[in-house]
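Have the sequence and the 3D view open as you read.

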Amino acid sequence: SLYQITMSVGDIPIERYVCNFINEVPLPPPGKAEVQYGIADQILIFTRPPLNKPILDVDLPFRRVFECLTPSTIITLFKCLLLEQKILMHSYRLSLLTDVAELLQAFMYPMSWGHVYVPVLPRGLFDVIKAPMPFLLGTNSEWMDEHFINDILNQVDDVITLDIDTSTINVPEWLNLPPLPSRERKKLDKQLQETAQPVYDSRGGGDD
């Protein structure tokens, strides 16, 4: 929006607008307060969600994800993200890859995933799985049985895989990931169950 506005208001370079914006516009406090910034004949309004409702107005695909993944699988993935592990998701429905990845990152709030993030990894870039760094990747399940991909997976032993279509997560045993604190784990599990229950009720089932 800032770029489009500056391109239509005269000869002032965009860098000057950006510098003024960075130096003069304060970060709005969490909650109802907002910051207004006037540029040309338009007013830009900036707000931040309250601390206790960080994703109140964000359109995230909760239903689609809960239709695929059980709360226990989601909690395990959440733990793996917090511990900065290497995670490879796969599904025959490519749109689910981004849905799951975005929702998992939203669960991390106020923390954020700061490592490699490619929700739909092209087949030709599969070598990135050998990278010595945490990642959150997604790929097509049709490729998982191909010979060259199996060769790559056989060269690494620290990749956590998630089959979204079956809600099956495979964590290498040698990783020996520490559990979440018992009390917090129970609270998180209860909240996820309550959030997901309408989805399970509508399809006539629940998490075992």
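## Starting at Thr161

Where is the place of Thr161? This is a predicted model, and in it Thr161 sits in strand β6, which covers residues 159-163. Is Thr161 buried or exposed? With a relative accessible area of 19%, Thr161 comes in under the 20% cut-off, so it counts as buried.

Setting aside neighbours within four places in sequence, Thr161 is in contact with Leu88, Thr168, Ile169 and Asn170. One of these, Asn170, is also the bridge partner of Thr161 in β7.

On one pairing, β6 runs parallel to β3, with 5 bridges between them; Met89 has Leu162 as its bridge partner in β6. The pairing with β7 is antiparallel and has 3 bridges. The hairpin of β6 and β7 has 4 residues between the strands, and Ser167 there takes a positive phi near 55°.

## The whole sheet

Which strands make up the open sheet, and in what order? There are 5, arranged β4-β5-β3-β6-β7, with mixed pairing. The edges are β4 and β7 (168-170), each of which pairs on one side only. On average, neighbouring strands are turned by 20° against each other, ignoring direction. Helix α5 (residues 94-107) packs on this sheet and touches β3, β4, β5 and β6. The direction of α5 makes about 145° with that of β3.

Strand β5 (residues 135-140) is another covered piece: 6 of its 6 residues are buried, so it is largely enclosed by the rest of the structure. β5 pairs in the parallel sense with β3 (residues 86-91) over 6 bridges, and also in the parallel sense with β4 (residues 116-118) over 3 bridges.

## Two helices, α5 and α4

Back to α5. This helix has 14 residues and reaches 21 Å from its first C-alpha to its last, close to the 20 Å expected at 1.5 Å a residue. Its buried residues are Leu96, Leu97, Asp99, Val100, Ala101, Leu103, Leu104, Gln105 and Ala106. These buried residues pack against α3 (62-68) and α4 as well as β3, β4, β5 and β6.

How far apart are the end C-alpha atoms of α4 (residues 71-82)? They are 16 Å apart, which agrees with the 16 Å that 12 residues should span at 1.5 Å a residue. α4 is mostly covered, with 9 of its 12 residues buried. The buried ones are Pro71, Thr73, Ile74, Ile75, Leu77, Phe78, Lys79, Cys80 and Leu81. After α4 comes Glu84, with a positive phi near 55°.

## The nonpolar cores

Nonpolar side chains tend to be buried together in soluble globular proteins. Which residues touch the most other members of the largest nonpolar core? In this core of 30 residues, they are Leu69, Met89, Val100 and Ile164. The elements giving two or more residues to the core are α3, α4, β3, α5, β6 and α7 (182-202).

Ile164 makes a handy landmark in the viewer. Not counting residues up to four places away in sequence, Ile164 touches Cys68, Leu69, Met89, His90, Ser91, Leu96, Leu97 and Val100.

Technical notes: Residues numbered from 1 in each chain as written. Predicted model: local features only at pLDDT ≥ 70, side-chain atom pairs only at ≥ 80, totals over all residues. Heavy atoms only, no water. Expected span 1.5 Å × (residues − 1). Buried < 20%, exposed > 50% of the residue type's maximum accessible area, 1.4 Å probe, protein only. Pairing = 2+ DSSP bridges. Contact = heavy atoms within 4.5 Å. Axes fitted to C-alpha atoms, helices over the stretch in contact; angles between N-to-C directions. Core = buried A, V, L, I, M, F, W, Y, C linked by side-chain atoms within 4.5 Å.
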